[in-house]
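Please keep the structure in view while reading.

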Amino acid sequence: MGNPDKYWNSYLAGVAMGLVLLSAYLFVGKGLGASGPALRFVTVAAEAVAPGHVAATPPLAHLAEEPSPLANYFVFLGLGTLLGGFVAAYTSGRMKAGVSRGDTAPVGLRLALALGGGVLLGIGARLARGCASGQALTGGALMSAGSWAFMFAIFGGGYAAAYLVRRQWR
Amino acid sequence: MSPLFPFQLPAANPQVAMLAAVFVGFGFGFVLERAGFGNARKLAAQFYGSEMVMLKVMFTAIVTAILGTTVLAGLGLVDLRALGDTIASDTFLWPMILGGFLIGVGIIFSGYCPGTSIVGMASGKLDAVLAYGGVILGQVIWAEVETRGPIARFHNSGALGHVYLYDLVKVPPQALAAAIVLVAIGAFLFGEKVERMVTGAVPGAPAPARRWVFAGVGAFGAVGLATLILPAPGAARPVPAATIAAPDLARRALAEPWKLRILDVRPMADCAKERVPGSECTPLDTLKRLELADVSATRDLVVVSERGLAEVPADARAYRGRVLLLDKGFEGWREWALAPAPAPAPGAPEAEQQAWRLRAGVRSALTGVGAPPPPASAAGGGAPVKRKAGGGGCSG
């Protein structure tokens, strides 16, 4: 079992991540992404419960029209991400049920902010046609101008709001 | 679809494609975890200056992938623009900036971005489960409203199509890549300085890994620059004068118009009078202005002349994609599409009947002369119109 406090050097991790991205480009002809599968699962679930509503909501209907919405590159990529994270966390000894937060931060506050922040991530990912991995990494490394604007905006938003929520990380 | 790049795995086999996706995802998840992103505090620390892991990992990853693609492109092994057009999404400037801002706020609130929350879940973190639940909820909320009224207008505003930084600054991608390497190293040194200011640590000897990475990206940046002095791929290549026959052009123009660009090089008056549907009137002397060397090479260029050309016009030779000459030129088209065609005898082979149906259908659409009802067939008319695959990214 590894040492839970020992992480890879950030620059080396970055090179490894870049090589993963490059192999996705060259061998599969696609990029990375993480938010896509979520919407696909919801669409399939909603299609079973309220097909009329899905048909009336164009972005969902568009997904539901596919012969099998879950047989998609990004769904399998997400499964692989879960698996890779699982193996890495287990072998490094960091697999531990809990809530990541500052030492003195209230758990309730932390969980509420996690959910609320997640909602913002979801809205932002739809607006920007991708999240930090699908738009910033994937498009950024192809030198897409929109991805670079997006990336600067991420840092802008993070620094602008950091002061508001500093309590949860202390 | 034929592979776009020499290395691409056969997409026709779904098992191979899905297995490749799992492998790529495994690498992604593994590296994210080892970099520390399974823990929300590690990501959040970026925005308090104590540990700039996000900046270092993300920017190094981008620089690495940029160097990989630009060096391969410099060696003529991949088409950088085609890669970008296939994988990256179109630019929608304003929603991307607002979306980025919201994601930045979302990251500091939740401590995750969608990718790292998957890894957080895999590490057993309850907050990561809630964050990913929020990602689902947020997407559903936005999907409900994004096609309505003013929201839809904003959602699709600033649509610029595919725009690349190397087009904006007008330098070769390899030169831009080398500049990005320098900017990245500058940003890393600045980031480390901020870390020391915030944590009060004294500067020690940098990790050897860092030195290797900096040296490595610098070396690859130089290799990319060196490829610029190689003869441009394709410059010396003889331009193959491939032709396309009128029926094939009609079929493709109907089934996949987005994969074709039809240039009618006849004199303007002739082209204005009648032309192949979907074509642009670009007489020979105006071809230069299209700057075909600089436009995306993802579509096949079809050149329509009066009677067919023996070779590709000089100004179209710079196009990096496929150039096809319409066989027998517009004369050939007129003969096939505009002249009445005798119906095949009953009992003629199915292929012949289908060819006739296409011909009669195109003729009646273009001339307004009603075609006799096509003979009944189980196979139906023309090819089904396929929908274009969406852009890359998380929304895929």
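A salt bridge is a side-chain nitrogen of Lys or Arg within 4 Å of a carboxyl oxygen of Asp or Glu. By this rule, 4 salt bridges are found across the interface of chain B and chain A. The model in which they are found is a predicted one. One salt bridge to look for pairs the side chains of Glu146(B) and Arg126(A), with a distance of 2.8 Å from N to O. On the side of chain B that touches chain A, 80 residues are nonpolar, 36 are polar and 12 are charged.

The interface may also be described by its residues and its area. Chain B contributes 128 residues to the contact, and chain A contributes 123 residues. The size of an interface is often given as the accessible area lost when the parts come together. For chain B and chain A, the buried area is about 11100 Å², and carbon and sulfur atoms give 75% of this area.

A single residue gives a local view. Ser10(A) belongs to helix α1 of chain A, which covers residues 10-28. Ser10(A) counts as buried because its relative accessibility is 13%, and buried means under 20%. Residues up to four places away in sequence aside, Ser10(A) touches Val53(B), Lys56(B) and Val57(B).

Chain B can finally be considered as a whole. Chain B contains 15 helices and 7 strands, and 47% of its 396 residues count as buried. Of the contacts in chain B between residues at least 6 apart in sequence, 63% join residues at least 24 apart.

Technical notes: Residues are numbered from 1 along each chain as its sequence is written. Chains are lettered from A and ligands numbered from 1 in the order in which they are written. This is a predicted model: local features need pLDDT of at least 70, side-chain atom pairs count only at pLDDT 80 or more; totals for chains, interfaces and linings use all residues. Side-chain values use heavy atoms; hydrogens and water are left out. Helices (H or I, at least four residues) and strands (E, at least two) are DSSP runs, numbered from the N terminus. Buried means under 20% relative accessible area, exposed over 50%, partly exposed in between (1.4 Å probe, protein chains only). Contact means heavy atoms within 4.5 Å. Buried area is the accessible area (1.4 Å probe) that two parts lose on being put together, summed over both. Ala, Val, Leu, Ile, Met, Phe, Trp, Tyr, Cys and Pro count as nonpolar, Asp, Glu, Lys and Arg as charged, and the others, Gly among them, as polar.
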